[in-house]
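Student: Pick one contact and take me through it closely. Then set it in its surroundings.

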Amino acid sequence: MSTEQETGDLSGGTRTGAYASAVRWMENLSETQYAYLLLSPAMLLLAVIAFWPLLSTLRLSLFADSFAAASVGQFVGLDNYVAIITGQRTALLPSPFLPQALTVQALFNSALAVTILFTVISVSFETVIGFVQALILDQDFRGRRWVRVAIILPWAIPIVVQGMIFFLMFQPNIGFLVGTAEDPALLNQLGLLSVTPLANAQDATMIVIVADVWKTTAFMALLILAGMQSIDRSLYDVARVSGASPWQRFKLITLPIILPTVLVAMLFRTIQAMRIYGLIETVAGCTTVPSLSCLVVTTFNQRLLGSSATIAFITAAVIGVVVSIYIVGYARGEMA
Amino acid sequence: MSRDTRTDGGVQGEPELKRGPFQRWVASTIKEPQKAYRAMFYVATIFFLATTLFPFYFLLVLALTPENAPLALFPTAPRFEVFLDVFDRVNFLRYMFNSLVLALSTTAVVLLLASLAGYVFGRLQFPGRTPLMLLILAISYFPPAAFFLPLYQLFTGNVVPGLSLYNTPGSMILPFSSLFMPLSIFILTTFYGQIPDGLEDAARVEGTTRLGALFRVIIPLSAPGVATAGVLTFISVYNEFFFSQLMNNGQPANWAPIVGGLLSLQRAGQFQVTYGVMAAGSIIAVVPVAILVVVAQERIVSGLTAGALKE
């Protein structure tokens, strides 16, 4: 490789001694040394701000809660994990980790159940709607650019604004989707919403799901669209000549080719959905809809550092499990 | 019950019960399927335009409608002063300024570090390349909550005595940078990897230093890639919630971004701050990213797809 030539003298002639020697030192490094030198700033940042906190969270999760100070008590090993998963810790936590009973009410109060429910429902809707949006954007029509802007716009807005929109939309006092007990709105009459939906766990979870679908479907649509546009167009010409209907062309060409892309997009969205925090905090508050990330923060606010770290790590582990399910499913799909 | 055999050999098993205009329309579109697909296309497009844009329109109507007046599809006496009220209620200008400073400085840090890393991953061969890339990728799997506790302790001065970044820009720029850098590294790795070796070699023969070749040849030639990574990082930081809320006490003087501004409007309660003011604040907060989306939509689309389909 030419990158190993010594060329420092050519440009270093008029510079100061220190600069010239630094350049010469860098020019004489081997390719491997040079690679690690350039990587060092990024790796240093990641080491301090990502890897150290992860290991430190793991360490904190092995210590007991201490109510006195902003630190932890004595070393207790895996006790925190056992106590949280078996439900012994529930009385102390702001919201239970697992459902306390098999009722709908209990399901919506449990951090794990709410998070999984939210993820499954919102990602399924986003996939289906994103698919349809991608089919639309794949067509050639006038004004396509502006339709694309309109579809991307919700994706690009701050989470706090997204939360604000849905917080305001479902305010009883504004009275456009939500009425009062005397003057119920359509959604109230249908029994879909209570008159104080943002204080009701079930209603608030549904509103959060709608808000999430509204904002992040665009992401799904763009990824699926990229998959569609990578398909060789001549396949469609062949199909058209042999008399395949548009539906058959979709089912036999488009769908099988973009399925891997859809799976990758779903994986991305699933990882993001399982971290849901800001939207809930703005729309309904973390006590009404206790997602896993919400529970980490509320537990931390009660100074239960050990429990908080344990829940943070369980959250990461749950995401890890979901990621491996996708990867196994993907590998199986590749083989078939 | 008749079972129609279709020309393509498929079997249509649905019993035909309804008769009327709909039936006739169906019959005509079966003869001319193009018409049905066209109609479906327009209905779906209009439906999606309405659903994505309606919430923004709702915000606008709510902001312009005077207090205690009922909402109408077109407000009869719009009150534009509401946008000025936002700046009276809280120091919204400072919140916006904080957001822009945080987003721009994070973007600068990320572009510099990710350029160096992207050059290494895209153009150099060295032992440990794949494991290091996987390690960086792994970060994006972890929820921000998994980093939060130790970082909070670090930034409040409980780990290294005397080092307190809480309520300063650093307490947000550092987590943002490490959180959003992996995506930029992958985008830039792709772009830098596509520059032909010959161009870099030519610059080196001319006497350019190793770093000079990166900054004077590789990066300028990959300008679209750098722009893509920059736009995506800027939008991600501007929209971030978790660290934006938790790494400061929400005061504008303590570098709280617009998350702090809008939450303080919301929490002041409706007797202090009307819903119209909250809606107006939200609209103001959206303006910078809305402009960015219109100007840079190609970059956003290519960046999102390149970043995600890389794996």
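Tutor: Start with α8(A) and α12(B), whose crossing is left-handed (the near helix is turned anticlockwise from the far one by less than a right angle). Helices here are DSSP runs of H or I, at least four residues, and strands are E runs of at least two, numbered from the N terminus. The model is predicted: local features need pLDDT of at least 70, side-chain atom pairs need 80 or more, and totals for chains, interfaces and linings use all residues. Residues count from 1 along each chain as written, while chains run from A and ligands from 1 in written order.

Next, the residues. From α8(A) come A:V160, A:V161, A:M164 and A:F167. They meet B:I258, B:V259, B:L262, B:L263 and B:Q266 of α12(B). Contact means C-beta atoms, placed from the backbone, within 7 Å. Eight of the residues in this helix contact are nonpolar, one is polar and none is charged (Asp, Glu, Lys and Arg are charged; Ala, Val, Leu, Ile, Met, Phe, Trp, Tyr, Cys and Pro nonpolar; the others polar).

Step back to the two chains. Their contact takes 85 residues from chain A and 80 residues from chain B. On the chain A side, helix α3 (residues 31–60) gives the largest share, 18 residues. That side holds 61 nonpolar, 20 polar and four charged residues.

Chain A itself has 15 helices and two strands. Take its contacts between residues at least 6 apart in sequence: 61% join residues at least 24 apart. Leaving out residues up to four places away in sequence, A:V208 touches A:F118, A:L279, A:I280, A:V283, A:A284 and A:V289.

Of the 336 residues in chain A, 43% are buried (20 or more other C-beta atoms within 10 Å of their own). Helix α14 of chain A, residues 292–301, has nine of its ten residues buried, so the rest of the structure largely encloses it. Those buried in α14(A) are A:L292, A:S293, A:C294, A:L295, A:V296, A:V297, A:T298, A:T299 and A:F300. Just after α14(A), A:R303 takes a positive phi of about 65°.

Notes: A residue is buried if 20 or more other C-beta atoms lie within 10 Å of its own, exposed if 12 or fewer, and partly exposed in between; C-beta atoms are placed from the backbone. Two residues are in contact if their C-beta atoms, placed from the backbone, lie within 7 Å.
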